[in-house]
Amino acid sequence: QVQPVESGGGLVQAGGSLRLSCAASGRTFSSATMGWFRQAPGKERDFVAAITSGSTTYYANSVKGRFAISRDNAKNTVYLQMNSLKPEDTAVYYCAADFGPGPRSSIYYKSPSVYDYWGQGTQVTVSS
């Protein structure tokens, strides 16, 4: 069993930065692909970024160049550095872990259904 726990959300002005963290204890963290998703009120849960066990990264077009995903296997933690934040980035951000066999295509990792474990989410609010 794995329980991802997100932290680092909050309220920030447009143009500002936040760093989200996700600590995932339990199974071998280093073998998992870790993903970040977000969900705004009344909308679907959307892919934000993912990082494989080999540290290959994938990003949604909407955050490419502004967000950066990284991992520290020694701390069982994945990070999402968010810069140049916009009001449309406002959402609950979720961390998820995928222990399926890899490597897979980028399309695979962008689907919420492939992830085995999910955190409870952390709210990010960007004011204009």
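**Core, sheet and loops of the predicted chain**

The largest nonpolar core holds 38 residues. Met34, Trp36, Val78, Leu80, Met82 and Tyr93 have the most contacts inside this core. A nonpolar core is a set of buried Ala, Val, Leu, Ile, Met, Phe, Trp, Tyr and Cys residues joined through side-chain atoms within 4.5 Å. Two or more core residues come from each of strands S3 (18-25), S4 (33-39), S5 (45-51), S6 (57-59), S7 (67-72), S8 (77-82), S9 (91-98) and S11 (122-127). In soluble globular proteins, nonpolar side chains tend to be buried together.

The model is predicted: local features need pLDDT of at least 70, side-chain atom pairs count only at pLDDT 80 or more, and totals for chains, interfaces and linings use all residues. Residues are numbered from 1 along each chain as its sequence is written, and side-chain values use heavy atoms, with hydrogens and water left out.

The protein chain contains 1 helix and 11 strands. Helices (H or I, at least four residues) and strands (E, at least two) are DSSP runs, numbered from the N terminus. The order of elements from the N terminus is β-β-β-β-β-β-β-β-β-α-β-β. The radius of gyration, taken over C-alpha atoms, is 14 Å. The globule rule (2.2 Å times the number of residues to the power 0.38) also gives 14 Å for 128 residues, so the chain is as compact as a globular protein of that length. Its C-alpha atoms fill a box of roughly 40 × 25 × 25 Å along the principal axes. Of the 128 residues, 43% count as buried. Buried means under 20% relative accessible area, exposed means over 50%, and partly exposed lies in between (1.4 Å probe, protein chains only).

Strands pair if DSSP finds at least two bridges between them.

S7 and S8 pair in the antiparallel sense over 6 bridges. Phe67 stands opposite Met82 in S8. Asp72 stands opposite Thr77 in S8. Side chains alternate along S7. Phe67, Ile69 and Arg71 point to one face and are buried.

Beyond residues up to four places away in sequence, Ala68 touches Tyr59, Tyr79, Leu80 and Gln81. Ser30 is 38 residues from Ala68 in sequence, and their C-alpha atoms are 18 Å apart.

Most residues other than glycine have a negative phi. Asn76 has a positive phi near 50 degrees. Asn76 belongs to the hairpin of S7 and S8, which has 4 residues between the strands. At 27% relative accessibility, Asn76 is partly exposed. Ser84 lies in the loop between S8 and S9. Ser84 is not a glycine, yet has a positive phi of about 50 degrees. Its relative accessibility is 40%, so Ser84 counts as partly exposed.

Key: Contact = heavy atoms within 4.5 Å.
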